[in-house]
Amino acid sequence: MGAQKSIHAGKAKIDVNVDFTHKLCASLMLPPLSNGSGSPLSLIIGSLCIKHPNLFGGSEKLDVSWDKGLYDSNVLLAYRRPRPEWLAQQSFVIQHSISPEIGVHGIPLDNFSRSGSGGVNLSRLSVGMDLNEPSSSKWSSTTSIKFEHVRPVNDNGRPISLDLDGIPVTCSGSPHDSMVVLKQESRYAKANDHSFFHIEQGIPVLSKWLIFNKFKFVASKGVKLGPAFLLTRMTGGSTVGDMAPYQAFAIGGLGSVRGYGEGAVGSGRSCLVANSELTLPFNKMVEGAVFLDCGTDLGSSHHVPGNPALRLGKPGSGVGLGYGLRFKSQFGHFVVDYAINAFQQKTVYFGISNLAS
């Protein structure tokens, strides 16, 4: 259930999308995260996008977007000036987001099959520059340098510096963390082989700002087995230096170890997750799938400030297996997965991926 509308105002284009569909899916996946007023607007998931292709007459592009979820929101402003194709394309970006921090501070429920609110949400402001390097036939890379200001808030939107157990939720111990972050992402794609490398570095500008190095990789390979398709994926990462609890690697949930709630397996300075999925087409629009996921924090949870994983009783490693259906259409993909974790607790995942531009 939803509505889409595009409006042209001069050279600018305004896209409006209001969607009620995710309400059912999210209500089956998550318990209520806040004690809101129950306003009808809280049930709406939507987006507003304004694009101008020639802002000052020199092919400068301005994109302004606002996305609202059930429990989160994101505002993004991006300004791009034209450059020759052989040079890196520059974008000036301002972004502000608010989202519940479930992966680290979320409370495991129903034998770790779901995660409820731990009373911690992140208000994040970032300002900086993105550089998109000219891509080859297989490789693409993006470099960015941004100032980030992270302010934890409770479910009522009030700033906090401690979690429900009285442990600091920031690295600085104050109600906010600040940092200048240099990021580099590289992607490799060839047929059924894909790789992703992500490096973050906190630059020592001021003594109170976070200084760290963070690395993450994702590698996947697909193999045709007759009419079936086997996809294997490995994800891992590690952090060295300053670290706030919300920067820990969260393990568990859709896209990680299915059968568990988001972050219900564990959260650590390091992680390793392996996924295997075999799909078999029933027809052009429906596929069946069986999968096996496993993940571990590599014993690094006690290196996270405050050790939230130990306090919440997370096991640190877990295995999930199950089966599901994949529905394809010209409007998007709909995914239903049924998974069971090591505690014999069953979980059903619903997912929607809109492919329409």
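1. Helices (H or I, at least four residues) and strands (E, at least two) are DSSP runs, numbered from the N terminus. This is a predicted model, where local features need pLDDT of at least 70, side-chain atom pairs count only at pLDDT 80 or more, and totals for chains, interfaces and linings use all residues. Residues are numbered from 1 along each chain as its sequence is written, and side-chain values use heavy atoms, with hydrogens and water left out.

2. The phi of N307 is positive, about 45°, although N307 is not a glycine. N307 is buried, at a relative accessible area of 15%. Buried means under 20% relative accessible area, exposed over 50%, and partly exposed in between (1.4 Å probe, protein chains only).

3. D110 is likewise not a glycine and has a positive phi, here about 50°. Its loop runs between β7 (107–109) and β8 (114–116). D110 is partly exposed, with a relative accessible area of 41%.

4. Strands β4 (residues 61–68) and β5 (residues 73–80) pair in the antiparallel sense, over eight bridges. Two strands count as paired if DSSP finds at least two bridges between them.
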